[in-house]
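User: I'd like to go through how some of the labels on this model were assigned. Could you set the values against the cut-offs for me?

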Amino acid sequence: MDYDLFQSDDDEDILTAFLQATQKAQPDPAEEIQSNDNLDHDECILELLPEFNCGGRDTIKTHTDFPQHSFVRNGYALKAPLPRSRLEKLCFDFEPEQLQVCAVLRYVHGESCKQIQKLSAAVAGQQQLQSKSSLHAASSWYKARQQVTHYYLWLLHEVDEQHLQLLAPAIVQLRELINSCLDADTWRILYFAEHSKGNECQAPAYHFYHGALEWRLLDLCLLHKLQELDATSQLVYLSQLERTLDDLVLCASFYYRSKHSAELLHSSAFMCRCCKELWLVLQHQHPHQQLTDADTDTDTGFWPLLHRAMQRHKKKMDATPALAYHEFYAWLRLSLARLGAYDACGMQLLQPTPVSAEVLQTGCLLRQFLACQPDEQQRRVYLCLLAPLQLRWGQPDTDVICQLWECLHRSLNCNFGGQSQLDQLPLICASGSAYLERYRTLLAKPLPDDLNLSSFTLFALLLGKTLQQLPALGRGNQAQKLLGRIFSKFSAAKLLALNESGIHHVIELFLCLLLTYGEFSELAPKLREMLLCLAFDKLPPARRQLAAKGHMAVLLLHAQRRQPLDEYVSKLLAQLATVRNDTDVGGIYAATLQPIFELADDFARGEQLLLAPWLAHYIEHSAQAAQERVWQALHLLAQKLRANMSAGMWDALQQNVLPQLRVQYVSGYSTWLPQLAADFVALDRDKKLLEGLLQGAEPANTAASAQLLLHVLRDTASGGQQPSSMLIIQVWIKSLVLLNAQHEAVLALNPFVIQLEEVCALGLDADSLADREPLCAFFGALGRRAQQQEALAHVRMQLSHKLHAYVAHFDQWLAPQSRQERPELGARFYNFLAIVIYNCPTLCYVRSKPSCFFHLAMVRFLLTTQLQAGVAPEGRLPQLLHKIFPVLLQGIGRLPYRTDAYLSRTLEQLVLHWTPHFGFSSNVKLVARPYATLLQADSDGELAHYVLQHLANQFLAVQRSQAGTHVGLILTVLQQLFVGLDDLELGAEAEAQLLTLLRAVHVPLLEHVMFVGELEPSRVQVLSLYAVLVNLSQFQRSAAARDICSTDIRNLAEKHLAHCTYFYFQMLIKLAERAPQLVAPLFGFVREQAHSVELKRGAGEDVGIRKCLQRLQQVLRVG
């Protein structure tokens, strides 16, 4: 139809009508419509003209009131009479009085129909239907739509019983035109015609779409008004309402097809807020409309009409899969239910009224959905769409829960995995506390909307939240029936037949029930007995561990709810015993200890039963990381016991934990062990545990003792046990030996040590300990204190006792394995031995006491049985002794070694057994360093003479003309000693060292030349040494040195000439060849001694002696 033909051909008639209306002459009833000016002052008259002004796509996160210019905010959804608009605000080119002229009205009506046709043609692309005078600018589309809308507003204003017959044909014609333009194909184009610019949008589709929404709304309002005047209009109203619902459902279905299933959870079914507003007006307006007096609100209510509209839509869309239809239905239903957040004026409600489940038909529609056999992903989406209706916008429906349970309980052993490979296994938590935290977190969310959750998990959450709401609604009996229906599906045989997935699903079901059901003490015993049907000894390891996690989650929940634990714990430990305290299960038990101890306040609910033999077994067989978690839990327990002692818990700790703690303290490396040991010390009533731990077997962790003592000392400030000063110093010294002075534990101990009375008495402070090695400072001060003149014998004895207490059990500090694996540890330990022997010789040595420090150090470390038996020392031990050897010798030198047979023998054995092992280097100067150091450090030369004399006598002795094994090393050392003297500055000190050296070794050197075989290398080496000696500047300047040499040669003549004449003369001859200046002055003495020997023999002149004298004389002459 071309509505340009609707215009009047007689312009004179229209002009006449204008004039009549302007002059306000008496109108002809047949030509004019009576105005309703008497109602213009009614309160329902609007100051503005409502319209749809789009704000863009609607989202579920939009939580604002509808705008002021909207229909719903202007009373179009109220029960009161529909509002009317002021005629002067209409956008016609006529005055309100002129609109009363029939010819003008026909013109306006025709123009409105023409605008509808133009908008429809523009959307359909039929531009040829537009005349040259049609819309030239984009803004004209809005004016075209506005003209039709205002025409409807004028009709709403003017229609009454008097004008009904005159206006009814125009209204019907307009409605039929709109209906004919809005078919399914048109809606397919229009449904997405939203725009964030609103009415400034230039697209004709936008204005046609929003105009259609406005016209349908106003047409229904007009029919609503007409049916009050004419009963026959009620059927028309219902028909048009159904058409409107069908169109809105169709638009929503088009929108649904553009969505992925996962997007439905977070998107609205309304394309824009304008569409949403129309749904809201229909929802609030229609329940108050009735077809006949016999009809009920249920039949003509909004939701029944929607359900019938959905059924009509389903018939029209036969090709649509049934599952897609149900998914779309659930999505649309949820979006419509969310409109309950607004009242009839478009304002948000603080507490929306939920819709009954019968009205929403949740149970019926769920049954139809499940009958279509959906896959896992479809189930998840549907349940996420159903959950808000079940929990927020609608009333809880137990029929929904029952249907889901009947569907899912048969599939407990399935993994409910989706299409992705990541969903092939259920989400099994790491521990019982993780299980509990997971489902507490999920239940804390307002609504389950995570598609990563399986459909069974979503069901469990729905079940739990439904159980939470039922008692508040006075439907507690339904909760009991629901639980009964669930429990009826479980039996011991069925539980044992569950696989890992099944046990996981049972755990999450039971936890959701326990976390939400009001009567915990009533429900918990039933559920835990069901879980106990999963006997550990009848399950494979994987299922056994999963069942244990479930038990621990339930047990932890018992603790959180302050319920008794003793009965449940006893049964759990009995089950653990049936699998011989399986370590994997024990680890799951142990992981729950800390959260349970954190919740304990008086330990009166049976927590002590958890500390049973299984725990010691688990600690013994688990890895260090697992042990540390147990130690951390026990530390927390000890802290609580110190604040609130429980005799039962302390006894359990002593019986089942303390023995294993002792073992682990010695063998373990965890930093928690010293802390936990300190906790036990603080709880110990007998006050003997600390001493037992510190003086017992040495821990593998060398810092353990210091860390333990530190924890105890810090606890002392809060009223803990005060360790003895002797114990503190002992641990400090041991830590300095096994660690180092810069270790954090040693540095932390220093302030406590400095405050001790014994340390202050020695004159030590922080500065003195920082200036040098703390061990040297401490033992040096202790040694000086013992050497003071006023120190009486009993005072020295007390100091000796203290020293032995300070270093008690020192022989256990260093394990042989540690010395090999950590060479630096061995070096510090041997340095410690030397420091004590050097600084405190009179205190560390007690005559005839085998347990004294000196004797133990010798027997265990310095002069071991293996060393004396000729077994070579291992590793770097020779280097260690080489470094401390002069210090050891000087320390012994401060003792009466000449009068004490033990000391004398010890000194000789040290020289005898260690010197051969000092040849580990080719550096002669380095090898000779211990004796060079001793020679330089010995001021009076007595000790050096003693040591060097024993050295020469032991190693230069000749048996059967054969030199000893190590004579080359000794001669090298002696030669280096002589050479080293020339490096010293001239003075009495250098001469004194030379004299000491000559007195000690000169005679053994001469005797070695006498008796050793002529072909032995050592003979040449000794003679070369003499050549070096006589060339020393120090020797040449020292008359005393030459006198010593001459005296020794004279003494040897008196000793050996009569019996070893040939050997003596051979020695003198060889000596004269290299050092004639030594022998020449003695030739006369030697000749006299030779004559004396001849006289004593009484045989006259001895040819052999004469030849030797002659040979010697010749050598001296040559020399």
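Analyst: Take cysteine 54 to begin with: its sulfur lies 4.0 Å from the closest cysteine sulfur, the one in cysteine 272, and that is too far for a bond. A disulfide here is a pair of cysteine sulfur atoms within 2.5 Å. By this rule the count is zero disulfides. One caveat: this is a predicted model, where local features need pLDDT of at least 70 and side-chain atom pairs count only at pLDDT 80 or more, while totals for chains, interfaces and linings use all residues. Residues are numbered from 1 along each chain as its sequence is written, and side-chain values use heavy atoms, with hydrogens and water left out.

User: Why is cysteine 54 called buried?

Analyst: Its relative accessible area is 3%, and buried means under 20% (exposed is over 50%, partly exposed in between, with a 1.4 Å probe and protein chains only). Cysteine 429, at 10%, is buried too. Across the protein chain, buried residues make up 55% of the 1119 residues.

User: What makes α23 and α24 roughly antiparallel?

Analyst: Helix α23 (residues 566-578) and helix α24 (residues 583-591) pack at about 155 degrees, their axes 10 Å apart. Angles over 145 count as roughly antiparallel, under 35 as roughly parallel, 65 to 115 as roughly perpendicular and the rest as oblique, so α23 and α24 are roughly antiparallel to each other.

User: Which residues meet there, in α23 and α24?

Analyst: Leu572, Leu573 and Leu576 in α23 meet Val585, Gly586 and Tyr589 in α24, where contact means heavy atoms within 4.5 Å.

Terms used: Axes fitted to C-alpha atoms, helices over the stretch in contact; angles between N-to-C directions. Helix = DSSP H or I, 4+ residues; strand = E, 2+ residues; numbered from the N terminus.
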